[in-house]
Amino acid sequence: MPSGQTLEFETLIKDHGPMLSRVAASYEANTELRKELLQEIYLAVWQAMASFRGQSSEKTYVLRIAHNRSVSHVATQMRHKGREDVCIQSLADDRTAPEDKLMRHNQQQALLFAVRKLPLQSRQVVTLFMEGLSYQEIAEVCGISTANAGMILNRARQTLSKELNHE
């Protein structure tokens with residue numbers, strides 16, 4: 001019979017797993033390395049569960065763990081530079097027309113590729129914003145001021161807009 005911590009973890013992953021997968025995808029293009037990163041995130045969440053004190057939302061806490069683990073992953077991978085797999089799994093809905101799926105996939109691929117080119121802090125802020133966090137929540141996760149979070153997000157948006165309109 002599973003322990004209370006196991007059930008709590010399973011619930012946490014059920015509630016936040018898709019979000020954690022998107023975070024991993026925003027940091028890692030290589031499919032195998034992305035799976036490895038996601039497992040590292042799950043392990044970090046498991047290990048940190050006992051430390052959660054409710055001072056932030058569960059979502060914010062889990063995202064902070066995921067982003068910290070992802071930043072460490074990117075730093076490690078940068079030492080092993082020279083690989084770039086731009087193969088991104090589509091998040092498209094199976095009910096849409098094939099042309100729409102392809103267009104959506106290409107747009108997602110272009111966006112994720114552009115996000116991955118951002119500096120780490122900008123990448124983190126953009127990904128958190130895409131997950132629906134407020135500026136205040138982003139600031140809490142990143143350990144920066146709310147104004148700084150807004151400034152970073154606005155600059156990143158400009159960079160992404162130029163990058164995506166350039167193609």
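## Salt bridges and a buried helix

Glu 32 and Lys 35 sit three residues apart in helix H2, so about one helical turn separates them. They form a salt bridge, with their closest N and O atoms 3.6 Å apart. (A salt bridge here is a side-chain nitrogen of Lys or Arg within 4 Å of a carboxyl oxygen of Asp or Glu.)

A quick word on the model: it is predicted, so local features need pLDDT of at least 70 and side-chain atom pairs count only at pLDDT 80 or more, while totals for chains, interfaces and linings use all residues. Residues are numbered from 1 along each chain as its sequence is written, and side-chain values use heavy atoms, with hydrogens and water left out.

Now the overall picture. The protein has seven helices and zero strands; helices (H or I, at least four residues) and strands (E, at least two) are DSSP runs, numbered from the N terminus. Of its 167 residues, 41% are buried. Buried means under 20% relative accessible area, exposed over 50%, and partly exposed in between, with a 1.4 Å probe and protein chains only.

Back to the charged pairs: the count comes to four salt bridges. Three of them are included here:

| Pair | N to O distance | Relative accessible areas |
|---|---|---|
| Glu 32 and Lys 35 | 3.6 Å | Glu 32 52%, exposed; Lys 35 47%, partly exposed |
| Glu 131 and Arg 22 | 2.8 Å | Glu 131 10%, buried; Arg 22 38%, partly exposed |
| Glu 163 and Lys 117 | 2.8 Å | Glu 163 25%, partly exposed; Lys 117 49%, partly exposed |

Glu 163 and Lys 117 form a salt bridge. This pair links distant parts of the chain, with Glu 163 in helix H7 (residues 146–166) and Lys 117 in helix H4 (residues 98–117), 46 residues apart. Glu 131 and Arg 22 also meet in a salt bridge. That pair links distant parts too: Glu 131 is in the loop between H5 and H6, and Arg 22 is in helix H1, 109 residues away.

Next comes Glu 28, in the loop between helix H1 (4–27) and helix H2 (31–48). Is Glu 28 buried or exposed? At 2% relative accessibility, Glu 28 counts as buried. Its side chain makes a polar contact with the side chain of His 73 at 2.7 Å. (A polar contact is a pair of N or O atoms within 3.5 Å; within protein, one must be able to donate a hydrogen and the other to accept it, and residues adjacent in sequence count only if both atoms are side-chain atoms.)

His 73 is one of the buried residues of H3. What covers those buried residues includes H1, H2, helix H5 (120–130) and helix H6 (135–142).

Technical notes. Contact = heavy atoms within 4.5 Å.
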